[in-house]
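Here is a short briefing on the model shown below. Topics are grouped so that each can be checked against the coordinates.

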Amino acid sequence: MVDPRLSVINARLNRISRIIAVSSGKGGVGKSVVATTLAFALARCGCKVGLFDLDFTGPSTHIILGAHQVQPKEEKGLIPPTVDGLEYMSLIYFVGDNPTPFRGEDTSNALIELLTITLWDKLDFLVIDMPPGIGDAFLDLVRLIHRIEFLIVTTPSMLAFETVKKQAELLCEQKMQIIGLIENMKADKSESVELGTRRLGLMYLGAIPFDPQVEEAIGKPQKLMQTSAAEALRKIAETAILKGKNQR
Amino acid sequence: MHEWALAEAILKTAEEVAQQQKLTQITEVVIRVGELQQVDSQILRFAISQMKHAPFEKAKFRILTAKTTLRCRVCGASWLFSRSKMDKETAEAIHFVPEVAHTYVKCPKCGSPDFEIASGRGVWLECLKGAK
């Protein structure tokens, strides 16, 4: 018996110019906020952008977007709705605010199903909010999406960076495309993450300052894009993604 | 209607299998559909008939359905999935992503959502018959 879904996944993504996976080996580093803000930043530069929440353990981009009362349209597959200018897909359309007690195999199957049935429009960028860590879901996405490029997020904490480093090393070993690393929620002038990133042979894309206004802007995209965190991310998007070359 | 997306995947996979097996004329394609996904066989069959191309023009597409057995990882109970007591929205959510059954279905014996979908999950290409 053959699983037919695997044969169409990359065909489903072939109208998308670039696929950026916002990843972190560690949870709680602000990956979902970075993914959502990055998607908005790219969209505000005139790009057509999709946002795909594949963090099934704790999907949260819909909260950041304030996306309520939206559903995909069913037409020979599922067409993602547009939320504040972004094509947006998430498991929350099917589970609402209920828990999703998935084991690894369930996560893999749900990922594959969504990749198979989602019909994206022609996009300049698809930003994926990746599952944290290097478990089944992460490995599946590395295996299944051929043109995936990684944007790695850490915080200044050495606990976060040491875990993120392992994910980065794994991606380097597998010769995956890595755009670089972002240091999120930076509150001091320490250079340890920047130096550590360069030691890995990766591009340090910059720091996003710790900004208490981000929390107040959750669910309010307009307000979110006025924060200093969004401004820092917009600069990173312009220099490292829109103009930059991949480092690996 | 997302049966169309599944039909496209079935045809593409069948084409790859036919190439691997060096089959030039396909007489039969057997597809197995698990009840959990509640795929509408008629729509699936129609979608395939509209999308099929060489070497499948004369192929018969046989769609078999499989009962869905769920097995509780906590107490070991096994039971058959049934959508009879399910509201339309829940059934539709499971139709699109069968794993979300873990959100809505509980073990009838102990109430746990930690169960295995032992059989009858989704759509599978079971076999191809044809001439080389």
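In this predicted model, the largest nonpolar core has 118 residues. V22(A) and V127(A) touch the most other members of that core. Helix packing, the contact between the chains and some backbone exceptions follow.

**Chain A overall**
- Chain A has 11 helices and 10 strands.
- Its radius of gyration is 17 Å, close to the 18 Å that the globule rule gives for 248 residues, so chain A is as compact as a globular protein of that length.
- Along the principal axes, the C-alpha atoms of chain A fill a box of roughly 50 × 40 × 35 Å.
- Of the 248 residues in chain A, 52% are buried.
- Take the contacts in chain A between residues at least 6 apart in sequence: 76% of them join residues at least 24 apart.

**Helix packing in chain A**
- Two packed helices are described by the angle between their axes and the distance between the axes.
- Helix α2 (residues 31–44) and helix α11 (residues 228–242) of chain A have axes that come within 9 Å and cross at roughly 65°.
- The crossing of α2(A) and α11(A) is right-handed.
- By class, the contact of α2(A) with α11(A) has nine nonpolar residues, one polar and one charged.
- Helix α5 (residues 104–117) and helix α6 (residues 136–144) of chain A have axes that come within 9 Å and cross at roughly 35°.
- α5(A) passes α6(A) in a right-handed crossing.
- α5(A) contributes G104(A), T107(A), S108(A), L111(A) and L115(A) to this contact.
- α6(A) contributes D136(A), A137(A), D140(A), L141(A) and L144(A).
- The residues of the contact of α5(A) with α6(A) divide into five nonpolar, three polar and two charged.

**Chain B overall**
- Chain B has four helices and six strands.
- Along the sequence, the pattern of chain B reads α-β-α-β-β-β-α-α-β-β.
- The C-alpha trace of chain B spans about 55 × 25 × 15 Å along its principal axes.
- Of the 132 residues in chain B, 39% are buried.
- Among contacts in chain B between residues at least 6 apart in sequence, 83% join residues at least 24 apart.

**Where the chains meet**
- The contact between the chains involves 25 residues of chain B and 27 residues of chain A.
- On the chain B side, α1 (3–20), α3 (88–96), α4 (101–104) and β6 (123–131) each supply at least two residues.
- α1(B) gives the largest share of that side, nine residues.
- By class, the side of chain B that touches chain A has 14 nonpolar, four polar and seven charged residues.

**Backbone exceptions**
- Most residues other than glycine have a negative phi, and most peptide bonds are trans.
- A54(B) and P55(B) are joined by a cis peptide bond, with omega about 0°.
- P55(B) sits in the loop between α2 (41–51) and β2 (60–66) of chain B.
- D84(A) is not a glycine, yet has a positive phi of about 50°.
- The loop between β5 (82–83) and β6 (86–90) of chain A holds D84(A).
- D84(A) counts as partly exposed because it has 17 C-beta neighbours inside 10 Å.
- M185(A) is not a glycine either, and has a positive phi of about 60°.
- M185(A) lies in a strand, β9 (residues 177–186) of chain A.
- M185(A) is buried, because 22 other C-beta atoms lie within 10 Å and 20 or more are enough to count as buried.

Conventions
Residues are numbered from 1 along each chain as its sequence is written. Chains are lettered from A and ligands numbered from 1 in the order in which they are written. This is a predicted model: local features need pLDDT of at least 70, side-chain atom pairs count only at pLDDT 80 or more; totals for chains, interfaces and linings use all residues. The radius of gyration is taken over C-alpha atoms; the globule rule is 2.2 Å times the number of residues to the power 0.38. A residue is buried if 20 or more other C-beta atoms lie within 10 Å of its own, exposed if 12 or fewer, and partly exposed in between; C-beta atoms are placed from the backbone. Two residues are in contact if their C-beta atoms, placed from the backbone, lie within 7 Å. A nonpolar core is a set of buried Ala, Val, Leu, Ile, Met, Phe, Trp, Tyr and Cys residues joined through C-beta atoms within 7 Å. Axes are lines fitted to C-alpha atoms, for helices over the stretch in contact, and angles run from 0 to 180 degrees between N-to-C directions. A crossing is left-handed if the near helix is turned anticlockwise from the far one by less than a right angle, and right-handed if clockwise. Ala, Val, Leu, Ile, Met, Phe, Trp, Tyr, Cys and Pro count as nonpolar, Asp, Glu, Lys and Arg as charged, and the others, Gly among them, as polar.
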